[in-house]
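User: Hello! I would like to learn how to read salt bridges in a protein model. Could you walk me through them?

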Amino acid sequence: MTDGRSLPPEDDAFREAVRKTAYFLWEQDGRPHGRHDEYYLRALTRHRRERQYDSWLEDGPDGE
């Protein structure tokens, strides 16, 4: 986003979605022990990028 608009705040629903995604990724990888932070950060990054993309789509690809 280049127009200075900010993303919506990361509310409880956002954080819950991140937790669920992290758990899903962790299970898919066979539940490796001691790597919960890694999966949480991967999920957080994924959800933040999705929000950024959604905001970009709302603004229009050409910034209008």
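Analyst: Gladly! A salt bridge is a side-chain nitrogen of Lys or Arg within 4 Å of a carboxyl oxygen of Asp or Glu. In general, side chains of opposite charge can pair when their charged atoms come close. This is a predicted model, where local features need pLDDT of at least 70 and side-chain atom pairs count only at pLDDT 80 or more, while totals for chains, interfaces and linings use all residues. Residues are numbered from 1 along each chain as its sequence is written, and side-chain values use heavy atoms, with hydrogens and water left out.

User: How many salt bridges does the structure hold?

Analyst: There are 6 salt bridges. In one of them, the side chains of Arg-42 and Asp-29 meet at 3.5 Å, N to O.

User: Where do Arg-42 and Asp-29 lie?

Analyst: Helices are DSSP runs (H or I, at least four residues), numbered from the N terminus. Arg-42 lies in helix 2 (residues 36-59) and Asp-29 in the loop between helix 1 and helix 2, so this pair ties together parts 13 residues apart in sequence.

User: Is Asp-12 buried or exposed?

Analyst: Buried means under 20% relative accessible area, exposed over 50%, and partly exposed in between (1.4 Å probe, protein chains only). Asp-12 is exposed at 58%, whereas Arg-15 is partly exposed at 32%.

Conventions. Helices (H or I, at least four residues) and strands (E, at least two) are DSSP runs, numbered from the N terminus.
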